[in-house]
Amino acid sequence: MFVLELTYTAPLEAVDAVLEEHGVWLDEQYRQGVFLASGRKNPRDGGVIIAVAEERARIEEIIAKDPFVTAGVCAYRVTEFVATKTAPALEAYRETL
């Protein structure tokens, strides 16, 4: 499981200019089962995504195609973790050490 933290590197006007494309990209990741949750940070200086993938390299590939990245308006910080406890709805993603 991965926590993806987005930090805007450009003014909000530049972010908003590619927001619709970013939304389409997000929708595709949800359709593929990679993203579990996402949203803006408060204050609005970036966002957070909870994702699942077999390996970090796959997450890096996906991030590289984010319109926010290709437009140069955000940077990502990726944290991988082992989800040993989950809510019942996320039981399929629970791992053991």
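Reader: In what order do the 4 strands of the open sheet run?

Author: This is a predicted model, so local features need pLDDT of at least 70 and side-chain atom pairs pLDDT 80 or more, while totals for chains, interfaces and linings use all residues. Residues are numbered from 1 along each chain as its sequence is written, and side-chain values use heavy atoms, without hydrogens and water. Strands are DSSP E runs of at least two residues, numbered from the N terminus, and two strands pair if DSSP finds at least two bridges between them. Pairing in this open sheet is antiparallel, and the order is β2-β3-β1-β4.

Reader: Which are the edge strands?

Author: An edge strand pairs on one side only.

Reader: Which residue in β4 is the bridge partner of Thr 7?

Author: Strand β1 covers residues 2-8. β1 and β4 pair in the antiparallel sense over 7 bridges. In β4, the partner of Thr 7 is Ala 75.

Reader: What angle does the direction of helix α3 make with that of β4?

Author: Helix α3 (residues 56-64; helices are H or I runs of at least four residues) packs on the sheet. Contact means heavy atoms within 4.5 Å, and α3 touches β1, β2, β3 and β4. Axes are lines fitted to C-alpha atoms, for helices over the stretch in contact, with angles from 0 to 180 degrees between N-to-C directions. For α3 and β4 the angle is about 165°.
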